[in-house]
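Here is a friendly briefing to read alongside the model. Please take a look at the sequence and the structure, then follow the notes below topic by topic.

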Protein chains: 4
Amino acid sequence: MQRRYVALFLSLFFLLPVLAQDRTRTRIPIRIPDVPGYKTLACDLHIHTVFSDGSVWPDIRPEEAWREGMDVIAITDHIEYLPHKADLPANHNRSFEIAKPRGDQLDIIVIRGSEVTRDMPPGHLNAIFLDSSIPLDTEEWFDALKAAHDQGAFIFWNHPGWKGQQPDKVARWYPEHSQLLEQGMLHGIEVVNERQYYPEAHRWCIEKKLTMLSNSDIHNPLNLDYKVRQADHRPMTLVFAQDRSVESVKEALFARRTAVYSGALLIGEETFLKPIFTRSVHIKNPAVTIKGDGRTYVQIRNYSDIEYELEFGDEIVELELPDEILALQANRTVLLALRGTSEDRSGTKTFAIPFTVRNLLVGPDIGLKSEFEIEVTFVPEEE
Amino acid sequence: MQRRYVALFLSLFFLLPVLAQDRTRTRIPIRIPDVPGYKTLACDLHIHTVFSDGSVWPDIRPEEAWREGMDVIAITDHIEYLPHKADLPANHNRSFEIAKPRGDQLDIIVIRGSEVTRDMPPGHLNAIFLDSSIPLDTEEWFDALKAAHDQGAFIFWNHPGWKGQQPDKVARWYPEHSQLLEQGMLHGIEVVNERQYYPEAHRWCIEKKLTMLSNSDIHNPLNLDYKVRQADHRPMTLVFAQDRSVESVKEALFARRTAVYSGALLIGEETFLKPIFTRSVHIKNPAVTIKGDGRTYVQIRNYSDIEYELEFGDEIVELELPDEILALQANRTVLLALRGTSEDRSGTKTFAIPFTVRNLLVGPDIGLKSEFEIEVTFVPEEE
Amino acid sequence: MQRRYVALFLSLFFLLPVLAQDRTRTRIPIRIPDVPGYKTLACDLHIHTVFSDGSVWPDIRPEEAWREGMDVIAITDHIEYLPHKADLPANHNRSFEIAKPRGDQLDIIVIRGSEVTRDMPPGHLNAIFLDSSIPLDTEEWFDALKAAHDQGAFIFWNHPGWKGQQPDKVARWYPEHSQLLEQGMLHGIEVVNERQYYPEAHRWCIEKKLTMLSNSDIHNPLNLDYKVRQADHRPMTLVFAQDRSVESVKEALFARRTAVYSGALLIGEETFLKPIFTRSVHIKNPAVTIKGDGRTYVQIRNYSDIEYELEFGDEIVELELPDEILALQANRTVLLALRGTSEDRSGTKTFAIPFTVRNLLVGPDIGLKSEFEIEVTFVPEEE
Amino acid sequence: MQRRYVALFLSLFFLLPVLAQDRTRTRIPIRIPDVPGYKTLACDLHIHTVFSDGSVWPDIRPEEAWREGMDVIAITDHIEYLPHKADLPANHNRSFEIAKPRGDQLDIIVIRGSEVTRDMPPGHLNAIFLDSSIPLDTEEWFDALKAAHDQGAFIFWNHPGWKGQQPDKVARWYPEHSQLLEQGMLHGIEVVNERQYYPEAHRWCIEKKLTMLSNSDIHNPLNLDYKVRQADHRPMTLVFAQDRSVESVKEALFARRTAVYSGALLIGEETFLKPIFTRSVHIKNPAVTIKGDGRTYVQIRNYSDIEYELEFGDEIVELELPDEILALQANRTVLLALRGTSEDRSGTKTFAIPFTVRNLLVGPDIGLKSEFEIEVTFVPEEE
C-alpha cells in the first residue's frame with residue numbers, strides 16, 4: 001500500500017500538469033504565412049458591444065481577440081440602433097474608449113469605428129479609423145457617411161445580401177452605392193459576414209476595385225457563436241500590412257491588400273493567395289522513384305492553419321494522379337500517391353503536376369491554380 | 001471524372017451533416033441521477049452581469065446556463081461595487097428583470113438576488129429570492145442583510161477564504177458570523193467558489209448545520225473561464241428539490257438538501273452522495289467465474305457525468321483486488337479485475353467488495369464508503 | 001510559499017483524476033434504442049486478421065469491438081487470399097479460435113465466418129455461423145458456398161460495387177447471383193462496406209427481400225481507419241434480435257431484421273427506423289404559447305448517438321416553420337423555432353408538424369417521414 | 001425553398017471539407033527544437049509485433065510511427081518468449097524484414113533489434129543495430145549479449161523496475177549489470193518504459209555515464225494504449241544526431257546524446273534540455289512598463305509541443321512574481337504577470353527573472369533552472 005502512494009505522489013508531482021484555472025487565459029497563434037513585402041494580420045472589423053445591441057462589455061472584445069490569435073479589431077457599434085438606451089445612455093465613443101486599454105495591455109490593435117445603420121439602400125455601412133463617432137449621428141444617411149469621410153474613414157458596405165434587407169438573400173447594387181463609389185465614399189464590401197458568403201459582392205469587389213472584407217459582426221460573447229478552439233474560427237479579413245500598426249492597416253485597406261478567410265474558404269487576388277499557399281506547403285521528398293506501375297508517396301507538409309483541398313484535373317501520360325480530392329490538412333503531413341502507368345518505363349523526368357486548390361477562390365467560382373514540381377525516376381518492374 | 005462527382009455529390013448529400021452555424025445553440029444535458037424523493041437540479045447561485053462588475057448583458061446568463069445543461073441560476077450583482085456606474089446608472093433590480101424573460105423562453109429558472117459586499121467581517125454575502133434588491137442598499141451591512149431577511153431571503157456567505165479578504169486563503173469565522181447565525185440570518189456558505197475549495201467552510205456547514213453551496217461567481221462570459229463542452233464544467237450547487245420550481249428550490253435550500261459539485265469533487269451528506277453514486281453505476285455481470293488464480297473482469301457502467309475514483313483498501317482472503325485507483329469514467333464502462341488467490345479453490349460465494357470513492361467527500365477528508373456485491377464461482381485450475 | 005504547496009497538494013489530491021494509463025481500457029456504450037420486441041445489437045460481420053490479409057492478431061478484434069461499444073463481430077478471413085502464408089501457415093479456423101476467448105472475457109459475441117474470395121461474378125461472399133471454415137477451401141466457388149450452406153451458414157455478398165471488381169464503382173447483378181438467390185444460398189448484401197454506400201444494393205435488398213448489411217471489412221487496427229472516440233464510428237449492421245445470443249443474431253439475420261448504420265446514415269425499413277427515431281427523441285415542452293407573430297421554442301432532446309437531420313417541407317397556415325435543416329444533435333437538446341403568422345390569432349390548436357429525416361433512408365432516395373405533435377396556444381399581440 | 005437549396009449547395013461545395021476517409025492517413029509532426037549541432041530525432045527503440053508477443057503485423061509499426069510524427073523505431077521482438085510460436089514458427093529476423101519496406105516508403109528509419117528476455121538478473125535487455133537476430137538465440141544470457149556485442153550492437157537494460165521482476169517496483173542493480181558494464185556490453189537503461197519512470201535508473205545513468213532511454217515497449221496496436229492525437233504521446237527517446245540516418249542515430253546513442261520524453265516529463269542533461277527550452281520559447285515583449293504597483297503582462301509564446309511548467313521561487317525586490325505555477329502551454333502564448341512593489345518607483349532596469357522548469361529534470365529531483373531577461377520601466381503612479 002505504501003508503495004502505491006509513493007508512485008501516486010510521483011505521478012501527480014511529475015506527470016500531471018498544473019491546475020485548470022491557470023489554463024484558460026491563453027492565446028492560440030494563427031498560423032498563416034506573410035506575403036512578400038507584407039505582414040499578414042488577422043482582423044475583424046465589425047464588432048458590437050453592449051453600447052449598441054451587443055451583449056458584452058467592450059473590454060471583452062480585445063480579450064477574445066487575443067485568445068483567438070487575432071491582431072486587429074474594430075469596435076463598430078450602431079449609431080442609430082440602441083436597444084439598451086434606457087439603461088445605458090447613448091455615448092457613441094465609449095465602447096472604443098473602454099476597449100482600447102485592454103487592447104493596449106494585450107497588444108491587440110483596437111480601431112474606433114461605427115456602423116451607420118439605415119434602410120436599404122444604402123443599408124448598413126461601417127466607417128472605421130474615426131476620430132470621433134459623434135458627428136455620424138445625423139438625420140440623413142449621406143451626412144453620416146460624409147462626416148466619416150471627412151475624418152478620413154475607411155467605409156465599407158456590410159452584409160450586402162442580408163436577409164433582413166434582401167429577403168431573397170441576393171445582394172443588390174443600388175444607385176446610392178454608385179453615388180458613394182463615385183464620390184470616393186465607398187472603399188470596400190463584406191464578401192463574408194458571419195458565416196454567409198455573397199458571391200455577388202465578391203464579383204463587385206473585383207470589377208469595381210473595392211476592398212474585400214470578412215467580418216464576424218459578433219453580438220454575443222464570441223464563444224457562443226464560434227467554437228474557437230475546436231477547428232472553428234470567426235470570419236476574418238486578412239490584411240497585408242507593412243507593419244503591425246493602425247496606420248499600416250489603414251494604408252493596406254485603402255490599397256486593397258486583403259483576403260477573406262471564412263470557414264474553409266480563402267478568397268482574394270492571386271497575388272496574395274498564391275504566396276500564402278506556396279509558403280504554407282513544403283514537399284519533403286521532391287525526388288521519388290517509381291518501380292514499374294507501382295505507387296510512390298510524396299510527403300507534403302502544411303505549416304498553416306488553413307486546409308488546402310487539391311483537385312488534380314489534367315492527365316499526365318506517365319503518371320496516374322489521385323482521382324479524389326487531396327486535403328492538405330492544417331499543420332499536418334499527408335501523402336500524395338503517384339502511380340506509374342507502364343511496367344517498363346525508365347529514366348528520370350521532372351513534372352509540374354497541376355492542380356486546383358478548390359477552397360482558395362480567385363473569383364466567385366474560380367479556384368487557385370498551382371502545381372508541384374516533382375522529379376520522378378522510373379525503374380522498370382523487372383529490376 | 002464524372003463518376004467522382006457523382007460519388008462526391010452522394011457523399012455530401014448523405015454523409016455530411018448540416019452547417020456549422022446551426023450547431024452552436026444546443027444544450028448538453030447534465031447526467032446526474034435524482035435522489036429518492038427529489039429531483040436533482042443543477043444550480044449556480046452567484047452570478048454577475050454588466051450591472052455590477054460583470055462583463056455580459058444579463059440575458060446572456062440564462063443562455064449560457066441553458067447550453068451547459070443547468071436548471072437554475074441566481075443573478076447576484078453587487079449592491080455596493082458598481083464600477084460601470086458612470087456609463088450604466090445604478091439600478092439594482094434591472095439585471096434580474098432583463099435576464100428573466102430569456103430564462104422563461106428557455107425554461108431556466110432565474111432567481112433574483114444581490115451580493116452584499118462589505119469588508120471582512122462579515123465579508124460578502126448573497127441574498128437570494130428577493131422581491132426587490134433596492135432595500136439592501138443601506139449604510140450598515142447589518143441593515144442590508146436585515147432588509148433581505150425581512151423579504152424571506154436565503155442568505156449565504158460567499159468565498160469565506162477569498163484571498164482578497166483572507167490573505168492566507170484560510171477561511172476564518174468571526175463573531176459577526178455567529179451573530180448572523182443566531183439571528184437566523186445566515187443559512188449557507190460557499191464551500192466552493194470558482195475553483196477554490198474551502199475545507200474550513202465544509203466543516204462549518206457540517207457542525208453548524210448550514211447549507212453547502214458551490215457557485216461560479218462568474219464575471220466574464222462563461223466560456224472564457226470554463227471549457228464547458230470539453231470535460232470541464234462550472235462549479236454548481238446540486239439542489240434536491242421536490243420539483244423544478246422556484247419555491248421548491250427555496251424550500252430545499254433552507255432544508256439543507258444540497259451537494260457541492262466542482263471539478264471532479266462531489267461534496268455533501270452521505271444521504272445524497274450514496275444514492276447518486278449507486279444510481280449512476282450498474283454492474284453488468286455481477287456473477288463471475290474465476291479459474292484458479294486467474295483473473296476475471298466485472299464490467300461496471302457509469303451512466304452519469306461524474307467520474308468516480310474507487311480505492312480498494314481492505315484485503316479479501318479469496319480475492320486479489322486492484323492496488324491502483326479504478327476510475328469509473330463518466331458515461332463509460334470499465335473493467336474491475338478480480339484475481340483468485342488460490343489455484344485450487346472451488347465453490348460459489350457472494351462478496352461485498354468494499355471501497356472508498358475518494359472524490360466523493362462526506363467530510364473534509366472523508367471519502368464515501370460503498371461496496372459492490374459480486375458472486376464469484378471458483379473453479380480449480382485443473383478442471 | 002508554504003501555502004501554495006498546501007493548495008497544490010489539495011488540488012492534486014482532490015481535483016485531479018487518476019493516471020492516464022488507467023484510462024485507456026474503457027468501453028463507450030453505443031446509445032441506439034431498442035425496437036418493439038427486439039434488442040438492437042451493434043454488429044460488424046466482416047473483419048480480417050493476420051490469418052489472411054489483416055494486420056492484427058485475432059484477439060485484438062473483440063478488444064476493439066468492446067471498447068467501441070459493439071455487441072457482435074464475425075471473424076471472416078479470406079479462404080483464398082493468404083498473403084502471410086509463407087510466415088503463417090494456412091489454418092482457416094484459427095483466427096476465430098484465438099478471438100473467441102477474448103470475446104468471452106469481455107462479453108462480445110464472436111461469430112465464426114469466412115470470406116469466399118473469387119473473381120466477379122460472383123465476387124466476394126461472406127459465410128458466417130460456420131462450424132468449420134475448412135470445407136470452404138474448394139476449387140470451385142459454388143462448392144465453397146455449398147459447403148457453407150450445408151452448415152446452415154448465413155451468406156451475403158460483400159461490397160458489390162467495389163472498384164477492384166467494378167471499375168466504375170457501380171454494383172452489377174450477374175446471373176450467378178440469381179442462381180445463388182434461387183437456391184437459397186444468398187441471404188444478404190452489404191449496402192455499405194467501409195465508407196462506401198451502394199444505392200443499387202440498397203434497391204436489390206428491398207426488391208429481392210435480402211438482408212441489408214453494413215460492415216467495416218477492417219484490415220488495419222481499427223483506430224488507424226476510424227477515429228472511434230471522436231464523433232466517428234465504424235460502419236455497422238444493427239441487428240434487431242430477441243436476445244443477446246448467437247442464435248438470436250442468426251435468427252434475426254435470416255428474418256431480415258437489420259438496419260445499416262454508417263457515418264450519419266441510417267438505412268432500413270420504416271418498421272425499424274421509425275421506432276428508433278421516435279424512441280430517441282423527446283419533446284420537453286409539447287405545449288407552447290405564441291404571442292402574435294412572435295417566436296417560441298420547442299425543446300427537443302435526442303437521447304441517441306445518431307444525429308437526425310430534419311427538413312420541414314410542407315407549409316402550415318398558422319405557423320412559420322424553419323426553412324433550414326434542423327439537426328437534432330446526438331445526446332443534446334436543440335430548439336425548434338416556431339413563429340406565428342398573424343398578429344391577432346387566438347385560441348389553442350394541436351398541430352402534427354410534418355418533416356423528413358433526411359439521413360434516415362427507407363429507400364435509396366427516400367427519407368423517413370415523421371411528425372411532431374405540438375399544441376400551440378395563440379395569444380394576440382395586444383394582450 | 002429553391003433558395004434554400006442554392007444556399008445549401010454553396011455551403012456544401014465551399015465550406016465543407018473533403019470526406020472523412022481521406023483524412024485518416026496523416027502525420028502530425030512533432031514540434032521539438034533541434035539542439036546546437038544536432039537534429040532532434042523522435043525514437044522508440046522497444047517495440048513488439050506478432051512475431052513475439054505483440055499484436056500487430058510488423059508493417060503496422062512504421063505506419064503508426066509515421067502518423068505520430070516519429071523519426072526512428074526499432075523492432076525488438078523477444079528471442080525467448082514466443083507465445084504465437086504454434087501458429088507462427090519462430091524466425092527472429094522476419095519482423096524487421098517485414099517492417100523495413102513500409103518504413104522506407106514513409107521515410108521512417110527502422111532498426112533491427114531483439115529483446116534478450118531472461119530472469120533477473122540481468123532481466124530483459126535490448127540489442128539494436130543487429131545484422132542478424134539469430135545468433136542471439138543461445139542457451140546462456142551472456143552468450144546472447146556477447147553475440148549482439150560482436151555485431152556492434154547498442155545494448156540497454158529494459159524496464160529495470162518492472163513489477164514482473166521487481167515486485168516492489170524499485171529498480172535494483174546486480175553484479176551481473178556491473179559485469180556487463182565493465183565489459184562494455186551495457187550502454188544504456190530505460191529511464192522510462194511505458195508510462196513508468198524509474199528514478200533509480202535516472203540516477204544510474206548520470207553516475208555510470210549510461211545512455212538514458214524512454215520507450216513504449218508497445219505490444220498492442222498503438223492507439224489502444226495511447227490517445228495519440230489527443231494530447232497524449234508514446235514515451236520516446238529524443239536522439240540528438242548529426243543527421244537523419246541509422247549511422248547517426250547509432251553514433252549519438254553510443255555518445256549518450258539523448259533525452260527522455262514521457263508524458264509531461266523531459267529528462268536529460270542540461271546541455272540538451274536548456275537549448276530545447278530556450279529555442280521553444282519566445283518573449284514577444286521583453287521591454288515592459290509598470291505603473292506604480294500595477295500589473296503588466298509579458299507575452300511568452302511556446303513554439304513546441306512540450307508544455308513547460310515554471311515555478312518562480314526567488315523574490316525580487318522591485319517585482320512581485322507569480323506565486324502559482326505558470327504553464328507555458330504547447331503551441332500557445334501565455335501571460336507572465338509582473339506587478340510593481342512600490343507606487344513611486346521610477347527608472348528602467350533589466351531583470352534576469354529566475355525560475356525552475358519543474359517538468360524538465362536534470363536529475364531525479366532537480367528541475368532545470370533558467371531565467372527570462374526582461375527590461376522594466378517603472379513609472380510612478382501619479383504620472
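C:P175 sits in helix α5 (residues 175-182) of chain C, where helices are DSSP runs of H or I with at least four residues, strands are DSSP runs of E with at least two, and both are numbered from the N terminus. This is a predicted model, in which local features need pLDDT of at least 70, side-chain atom pairs count only at pLDDT 80 or more, and totals for chains, interfaces and linings use all residues. Residues are numbered from 1 along each chain as its sequence is written, while chains are lettered from A and ligands numbered from 1 in the order in which they are written.

**Two residues and their surroundings**

- C:P175 counts as exposed because it has 9 C-beta neighbours inside 10 Å; a residue is buried if 20 or more other C-beta atoms lie within 10 Å of its own, exposed if 12 or fewer, and partly exposed in between, with C-beta atoms placed from the backbone.
- From C:P175 to C:F372 there are 197 residues in sequence and 46 Å in space, C-alpha to C-alpha.
- In chain B, the loop between β5 (124-128) and α4 (141-150) holds B:L130.
- Is B:L130 buried or exposed? B:L130 counts as buried, because 24 C-beta neighbours fall inside 10 Å.
- Setting aside neighbours within four places in sequence, B:L130 is in contact with B:R112, B:G113, B:S114, B:A148, B:Q151 and B:A153; two residues are in contact if their C-beta atoms, placed from the backbone, lie within 7 Å.
- One of these partners, B:Q151, is 21 residues from B:L130 in sequence and 6.1 Å away in space, C-alpha to C-alpha.

**Strand β19 of chain C and its partners**

- Strand β15 (residues 295-302) of chain C runs antiparallel to β19(C) and is joined to it by 7 bridges; two strands pair if DSSP finds at least two bridges between them.
- Within β19(C), C:R339 is the bridge partner of C:R295.
- C:R339 in β19(C) also stands opposite C:E320.
- Strand β17 (residues 319-320) of chain C pairs with β19(C) in the antiparallel sense, over 2 bridges.
- Which strand of chain B is joined to β19 (residues 333-340) of chain C? Strand β1 (residues 26-27) of chain B is, through 2 bridges and in an antiparallel arrangement.
- In that pairing, B:T26 stands opposite C:V334 of β19(C).

**Chain A as a whole**

- Chain A contains 9 helices and 21 strands.
- Along the principal axes, the C-alpha atoms of chain A fill a box of roughly 85 × 75 × 40 Å.
- Of the 383 residues in chain A, 48% are buried.
- Among contacts in chain A with a separation of 6 or more, 66% are between residues 24 or more positions apart.

**The two domains of chain A**

- Chain A is assigned domain 1 (26-268) and domain 2 (281-379), with bounds that come from an automatic or database domain assignment.
- The C-alpha centres of domain 1 and domain 2 of chain A lie 38 Å apart.
- Contacts between them involve 12 residues of domain 1 of chain A and 11 residues of domain 2 of chain A.
- On the side of domain 1 of chain A that touches domain 2 of chain A, α6 (199-208) and β12 (265-268) of chain A each supply at least two residues.
- The most is given to that side by α6(A), with 4 residues.
- By class, that side of domain 1 of chain A has 9 nonpolar, 1 polar and 2 charged residues; Ala, Val, Leu, Ile, Met, Phe, Trp, Tyr, Cys and Pro count as nonpolar, Asp, Glu, Lys and Arg as charged, and the others, Gly among them, as polar.

**Helix packing in chain A**

- Helix α2 (residues 60-68) and helix α3 (residues 94-106) of chain A pack at an angle of about 30°, with axes 7 Å apart; axes are lines fitted to C-alpha atoms, for helices over the stretch in contact, and angles run from 0 to 180 degrees between N-to-C directions.
- α2(A) and α3(A) are therefore roughly parallel to each other, the word for angles under 35 degrees, whereas those over 145 count as roughly antiparallel, 65 to 115 as roughly perpendicular and the rest as oblique.
- A:R61, A:P62, A:E63 and A:W66 of α2(A) make the contact with A:A99, A:R102, A:G103 and A:L106 of α3(A).
- The residues of this contact between α2(A) and α3(A) divide into 4 nonpolar, 1 polar and 3 charged.
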